[in-house]
Amino acid sequence: MSSSMPPPPPSRSASCFVAKPARGFQLLRIDGYSCTKDLPSGERVTSKAFTVGGRRWCVDYYPNGADASADESGAIALYLRLVGSAASGGGIYDYYPQIKARVRASYKFSLLDLATGDAAYERPEETDVFKVAGSEAAAAGHDAGCGYAAFITRQELEGMIREDRLAIRCDVGVTEVAPLPPAVVADNTSPAARILGGLAPRHRYNTHDYMLGDELYYGGLDGWREGIGRNQEQLLDDKEYIRRCLAGERPRE
């Protein structure tokens, strides 16, 4: 009687991604607004890069419009530009190399009252598809981003200028999709393991804190707590953050 070899064990794997809305804003303050009017058309003032939804963005302010072929413009231009992803920083995004060069995002521009920090002038929220500047997707169109070639006329704007300062707020919203770290997927007690039908090992690995965009999550999927760093209760709310920016103080980030 011949003996047969037992079949090899089946190959098993499991993946878990988290999709969540991510929102943030950039405040671009221009001191010496009147001097920016001397910049030629097509010249821009660009904010520092900021992160929302695992992607890096910049706000561009064109005091004489974005059209370099025009001698001057009677309105300012504002654009939001996608400049890359946060993947280059490592960490959680090492597991997510397929961050796309195109992303659909919402944005809203506002000009702020220096005294209150509230919107003195704003446009409705818009949604558009952004392409990473310099990518093939952007080269097929343009690198300017999305926004307004004529956000507000200079006459309207200068009726709101105080102390020769201009404060621009840009709110950004995007859906962020990122994988859970392997330690979290291997945690049988986590919601991720239960969703995956118990395929994860029954023993528990140590989960770890990890960055997702500008937010720090503690211990994986169990009990998310948002915040930058561990002192959430000490973070400034939006109103106070804006107040300090407009007052010339640098808020703790």
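Modeller: The structure holds 0 disulfides, a disulfide being a pair of cysteine sulfur atoms within 2.5 Å. This is a predicted model, in which local features need pLDDT of at least 70 and side-chain atom pairs count only at pLDDT 80 or more, while totals for chains, interfaces and linings use all residues. Residues are numbered from 1 along each chain as its sequence is written, and side-chain values use heavy atoms, with hydrogens and water left out.

Cys146 counts as buried because its relative accessible area is 9%, and Cys170 is buried too, at 0%. Here buried means under 20% relative accessible area, exposed over 50% and partly exposed in between (1.4 Å probe, protein chains only). Of the 253 residues in the protein, 41% are buried.

The largest nonpolar core has 31 residues. Such a core is a set of buried Ala, Val, Leu, Ile, Met, Phe, Trp, Tyr and Cys residues joined through side-chain atoms within 4.5 Å. Its members that touch the most other members are Trp57, Tyr61, Leu80, Phe109, Phe130 and Leu166. Two or more residues of this core come from each of β1 (17-31), β3 (50-52), β4 (55-62), β5 (75-85), β6 (102-112), β9 (146-153) and β10 (165-179). Apart from this core lies another, of 7 residues, including Phe25, Leu27, Leu112 and Ile242.

The protein as a whole has 12 strands and 6 helices; both are DSSP runs numbered from the N terminus, helices being H or I of at least four residues and strands E of at least two.

Leaving aside residues up to four places away in sequence, Phe130 touches Trp57, Leu80, Leu82, Ala101, Arg102, Val103, Ala105, Tyr107 and Cys146. A touch, or contact, means heavy atoms within 4.5 Å.

Leu78 has its place in strand β5, and it counts as buried because its relative accessibility is 0%. With residues up to four places away in sequence again left out, Leu78 touches Asp60, Tyr61, Phe109, Leu111, Gly147, Tyr148, Phe151 and Ile168. Leu78 and Phe109 stand 31 residues apart in sequence, yet their C-alpha atoms are 7.9 Å apart in space. For the protein as a whole, among contacts with a separation of 6 or more, 65% join residues 24 or more positions apart.

In soluble globular proteins, nonpolar side chains tend to be buried together.
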